Amino acid sequence: MALFLSLLLILLFPSTNADWPPSPGYWPSSKFRPMSFHKGFKNLWGPSHQSVNHNALTIWLDKTSGSGFKSVRPFRSGYFSASIKVQPGYTAGVITAFYLSNNEAHPGFHDEVDIEFLGTTFGKPYTLQTNVYVRGSGDGKIIGREMKFHLWFDPTQDFHHYAILWTPKEIIFLVDDVPIRRYPRRSAATFPLRPMWVYGSIWDASSWATEDGKYKADYKYQPFVAKYTNFKASGCSAYAPAWCHPVSASLFRSGGLTRQQRRAMRWVQRYHMVYNYCRDPKRNHALTPECRS
């Protein structure tokens with residue numbers, strides 16, 4: 001009888017630990033079809049440092065150049081994702097990114113939503129940085145909204161799926177369908193609402209990427225390689241009719257997260273978040289009023 005009760009408790013209340021997140025119970029990546037790279041994207045810069053083979057994209061950085069790509073269409077909301085694998089070893093100063101931006105349409109006053117792998121040194125984990133810039137907060141005097149994580153797996157060993165869900169009400173960052181951050185719209189002043197394109201890139205950010213610029217890119221370890229596949233970009237394009245309904249990352253058509261998804265996100269933030277801009281006492285939170293909400 002005692003054994004039966006123990007098994008029943010395990011089934012009803014599964015334990016969690018810092019090794020692996022609890023199931024989110026919903027897998028939004030399964031709801032959207034993958035596309036070939038050439039159908040949805042094009043080279044933006046560094047064409048000699050980019051190759052496509054069987055819909056898998058490889059981009060690399062050496063001392064001559066990095067590389068970047070861009071979606072063919074702009075979007076006003078949607079689900080955007082790719083499976084990514086980054087390089088092991090010494091990668092300090094190197095950024096591998098997947099992000100939304102309208103910096104070409106609004107230079108000096110742009111919006112941006114980032115997923116960035118911050119390169120590292122031997123024996124230390126990658127940092128996954130999420131960030132939101134609104135109406136020029138990424139231009140000139142930077143006002144970032146960074147949350148950073150050390151993932152519960154090694155992103156150099158295999159492909160994992162990284163996604164941004166952006167609607168007029170919220171931004172949700174997901175890793176392998178586990179929500180790691182939700183950025184709700186508090187006001188128009190703190191939320192990106194203008195159409196954006198999907199981008200990816202690898203580039204040298206030695207001035208800040210690794211431990212605030214302490215460690216720089218060392219080109220004796222070049223080339224620095226990043227691989228992308230399983231691209232998805234689904235939602236309302238900038239040219240879609242007004243009745244186009246934003247997609248959701250949960251069972252709720254209106255958006256938000258289920259209780260099980262929120263539980264998984266709390267687990268990630270409890271065990272794997274290493275920086276939250278709202279909790280940084282050195283930041284001027286008058287510039288980030290959403291932190292007071």
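Accessible areas here come from the Shrake-Rupley method with a 1.4 Å probe, and for residues only the protein chains shown count as cover. On that basis the chain exposes about 14,200 Å², with carbon and sulfur atoms supplying 55% of it. Bear in mind that this is a predicted model, where local features need pLDDT of at least 70, side-chain atom pairs count only at pLDDT 80 or more, and totals for chains, interfaces and linings use all residues. Numbering runs from 1 along each chain as its sequence is written, and side-chain values use heavy atoms, with hydrogens and water left out.

**Confidence**
- The predictor's confidence in each residue, pLDDT, goes from 0 to 100; its mean over the chain is 93, and 94% of the residues reach 70 or more.
- Residues 1-16 are the part to watch: pLDDT stays under 50 there, and the model gives them 5 contacts beyond four places in sequence (contact means heavy atoms within 4.5 Å).
- Where pLDDT is low, the predicted coordinates should not be read in detail.

**Overall build**
- You'll find 3 helices and 15 strands in the chain; these are DSSP runs numbered from the N terminus, helices being H or I with at least four residues and strands E with at least two.
- The radius of gyration (over C-alpha atoms, with a globule rule of 2.2 Å times the number of residues to the power 0.38) is 19 Å, which agrees with the value near 19 Å for a compact globule of 293 residues.
- Along the principal axes, the C-alpha atoms fill a box of roughly 70 × 50 × 45 Å.
- Of the contacts between residues at least 6 apart in sequence, 69% join residues at least 24 apart.

**Burial and charge**
- Of the 293 residues, 52% count as buried, meaning under 20% relative accessible area, with exposed over 50% and partly exposed in between (1.4 Å probe, protein chains only).
- There are 35 positive and 20 negative side chains, and the centres of the two sets lie 8 Å apart. Lys and Arg count as positive, Asp and Glu as negative, and His and the chain ends are not counted; each charge is placed at NZ of Lys, CZ of Arg, CG of Asp or CD of Glu.

- Ile 59 sits in strand β3 (residues 56-61) and is buried, at a relative accessible area of 0%.
- Beyond its neighbours within four places in sequence, Ile 59 touches residues including His 49, Phe 69, Ile 202, Phe 224 and Tyr 228.
- Tyr 271 belongs to helix α3 (residues 259-271) and is partly exposed at 32%.
- Tyr 271 and Asp 19 are 252 residues apart along the chain, yet their C-alpha atoms are separated by 8.8 Å.
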